[in-house]
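Work through the exercises below with the structure in view. Try each task before reading its solution.

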Amino acid sequence: MTQKTYDAIVVGGGVLGAAAGYHLARAGARALLIDRHDPGRASDAGAGILAPEINRRDPEAWFHFAVPAVDYYPDLVAQLAETAGPDYDTGYARCGSLLVAATPDEIPDFEVSQSEILTRREQRGTPSPDDLKLISGQEARELFPALGHVHRALYYRKGARVDGRLLGAALHRAAEVHGLAHMHAAVTALVREGGRVTGVRVGDQVIGAGTVIIAGGAWSADFGAQLGVEIPIVPQRGQIAHLALPGQRTGDWPVVNAFHGHYLVAWPNGRIVAGATREVGSGFEPVTSVRGIQEVLREAVRVAPGLEPAQLLEVRVGLRPMPPDGLPVVGEVPGVDGVLLATGHGPTGLQMGPYTGKLMAEMAMGQPPATPIDAFSITRFG
């Protein structure tokens, strides 16, 4: 049975898919978002750190995309506030970000990162020295009072945070206002006619589309065989602890990153998020574990002993869509028209996802991407 045909169908309703659907509908396209809402979706658990300027792990191609992606946030948040209304806060705020060496063993890594970050600033001419600078350990503790002794600290004043669940809800609401259709279902297959994807199959229904955007997160690899490519995305489990410091005014505390692979994100009303595990080989199992919770909490109090009295509110689990080389998989599929891939953002989906969704919506409507995405092509895997 064939239903109506849309200009575009988005498969996957995380933040990236919701952003694609929102921008399609806002531009006047007839669009449908299909989402089965799998447990463990990464954007429902992500910490929402927005500070690529002090990122020290990801490749340069990632950095040159992440900067405009994060710069886009103020415009997006303003659009959502106007359309979705005041009941749909995104949690977005510029709270600042700290990179710290909390123990002597972290000092060598800190100094390497400091050199790379400040050299990049000099080459780009931004951020300004007032916005990105070295500060003393005492200044770092004044910004984040729960910190212990700090041996080195780099502060980025314009670092920001966003709540993935709130952002997703606001995107879905604003998209609905603009006319996006929504279906809670599983896409069982893509529909192909020769070298073109012409729609999707949902149960016994065939739904036509000018373009299909695959934004299925860690589950996106399922469509590779139908497209004649391998989509090398695997799930990586991340456990994130939500803590409470009753009575503490934490809303202005900055994000904290140290050098054992974890972070702290403060929110208003005494809430602190501590994360996260990076569990390779986890499969599609969004479960908590004693080992994971222990790892996260041990690292949190190592960096910030002032968190020892905190209450444990909950542990969230997300399955990050991980590519083998740290770069997302975004753009067209060679030899197959009518389909776009948008997945593989790993632990930085909230930094890059909304902007990626915007670019995918524009490409679905025949426009070239405003920011180069060649480095993210599926063709790099052969």
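**Exercise 1. Count the helices and strands, then judge how compact the chain is.**

Solution. The protein chain holds 9 helices and 19 strands. Next, take the radius of gyration, which is 21 Å. The globule rule gives 21 Å for 382 residues, so the chain is as compact as a globular protein of that length. Keep in mind that this is a predicted model.

**Exercise 2. Find the span of the C-alpha trace along its principal axes.**

Solution. The trace of the protein chain spans about 65 × 45 × 40 Å.

**Exercise 3. State what share of the residues is buried, and what share of the contacts joins residues at least 24 apart.**

Solution. Start with burial: under 20% relative accessible area counts as buried. Buried residues are 58% of the 382 in the protein chain. Now turn to contacts between residues at least 6 apart in sequence. Of these, 74% join residues at least 24 apart.

**Exercise 4. Describe how helix H1 packs against helix H6.**

Solution. Locate the helices first: H1 covers residues 15-26 and H6 covers residues 164-177. Their axes lie 8 Å apart, at an angle of about 25°. Angles under 35 degrees count as roughly parallel, so H1 is roughly parallel to H6. The crossing of the two helices is left-handed.

Then list the contact residues. H1 contributes Val-15, Ala-18, Ala-19, Gly-21, Tyr-22 and Ala-25. H6 contributes Gly-164, Leu-167, Gly-168, Leu-171, His-172, Ala-174 and Ala-175. Last, sort them by class: the contact of H1 with H6 has 9 nonpolar, 4 polar and no charged residues.

Notes: Residues numbered from 1 in each chain as written. Predicted model: local features only at pLDDT ≥ 70, side-chain atom pairs only at ≥ 80, totals over all residues. Heavy atoms only, no water. Axes fitted to C-alpha atoms, helices over the stretch in contact; angles between N-to-C directions. Helix = DSSP H or I, 4+ residues; strand = E, 2+ residues; numbered from the N terminus. Parallel < 35°, antiparallel > 145°, perpendicular 65-115°, else oblique. Left-handed = near helix turned anticlockwise from the far one by under 90°. Contact = heavy atoms within 4.5 Å. Nonpolar A, V, L, I, M, F, W, Y, C, P; charged D, E, K, R; others polar. Rg over C-alpha atoms; globule rule 2.2 N^0.38 Å. Buried < 20%, exposed > 50% of the residue type's maximum accessible area, 1.4 Å probe, protein only.
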